[in-house]
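Hi,

Here is the structure I promised to pass on. Have a look at it first, and then read my notes below.

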Amino acid sequence: MSESTAARVDPSNVQMLNAWDGEQGALWTKRAQRINDGVAAYRDPFFAAADIQPSDRVLDVGCGAGQTTRDAARLATEGSALGVDLSAEMLGLARRVAEQERVPNVSFEQADAQVHRFPEAGFDAVISRHGAMFFGTPLAAFTNLARATRPGGRLVLLTWQPLRLNEWITTFRTIFAAGRDVPSSDLALSDPAETKGLLTASGYTDVRSTRLNQSMYFGQDVDDAAEFIVEHHGERARDLDEASRAKVIDALRADLAAHQTDRGVFYGSAAWLVEARRR
């Protein structure tokens, strides 16, 4: 993290910067394709709602390694797509892949969307696939995004429904808790009424949230899925003794085996498809 990057981040988002421009961002860069594969079932309804037109200018918030930004750019054949994220490493991968795939109308920038000075009314569509749930001050963030959206322009988000409805999150958190208290707080934007109030106050209208339930892919078999999940959740068991950690891995592998299909290991997930328009 450079000083220039830190200066562009709202103080409420410094913790997120430290995570995404640090170890967490490095892990997500390493596993970018697996993460994309995991939520692939959400792609079609997400882009159907985004309704990106050939001349659109698209902003992708929390773009990560840039798959959704590149997909948006391919739809906006006469327009452009800009992806912003806090992770320099993921953005580096996004740029390399865009060059390899020859997507000329896409660009990426390391920025905090909560405070970044986007061009006023500069975008026809603002999209975010599970990237808009982490703002330190959501009202300020969405007000900033509304300022960047042209009047009548579209906002389309994918956010997680409450954790109790997401089998994958509750299962892995319970297993790695190993009998200890399990974190139960929901992510932001999991309550449609609160989301509507927030977006309406930010400058959007016609806010609606649609339930989506899809199976998420975690690996081709138990070994493959276990390696991936331990990378992402293993820190929750770091303070356990060796025998307790071994029991956690055994419990994880048993649960993965129960979710093995002929197409790989899948768990249930539940998301909101949030749609709104700029007033």
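A definition to start with: the radius of gyration here is taken over C-alpha atoms, and the globule rule is 2.2 Å times the number of residues to the power 0.38. Keep in mind that this is a predicted model.

So how does the protein chain do against that rule? With 279 residues, a compact globule would come out near 19 Å, and the protein chain has 19 Å, which agrees. Its C-alpha atoms fill a box of roughly 55 × 40 × 40 Å along the principal axes.

Inside, you'll find 12 helices and eight strands. Of the 279 residues, 53% count as buried. Among contacts with a separation of 6 or more, 80% are between residues 24 or more positions apart. The chain has 31 positive and 38 negative charges, and their mean positions are 4 Å apart.

The bit I'd look at is strand β8, residues 264-278. It is mostly covered, with 12 of its 15 residues buried. Which strands does β8 pair with?

- β6 (residues 204-219) is antiparallel to β8 over 13 bridges, and L212 has A271 of β8 as its bridge partner.
- β5 (residues 149-160) also runs antiparallel to β8, joined by seven bridges; here L158 stands opposite L273.
- β7 (residues 260-261) is antiparallel to β8 too, with two bridges. T261 is partnered with G264, and a hairpin of two residues links β7 to β8.

Cheers

Notes:
Residues numbered from 1 in each chain as written. Predicted model: local features only at pLDDT ≥ 70, side-chain atom pairs only at ≥ 80, totals over all residues. Heavy atoms only, no water. Helix = DSSP H or I, 4+ residues; strand = E, 2+ residues; numbered from the N terminus. Buried < 20%, exposed > 50% of the residue type's maximum accessible area, 1.4 Å probe, protein only. Contact = heavy atoms within 4.5 Å. Lys, Arg positive; Asp, Glu negative; His and termini not counted. Charge placed at Lys NZ, Arg CZ, Asp CG, Glu CD. Pairing = 2+ DSSP bridges.
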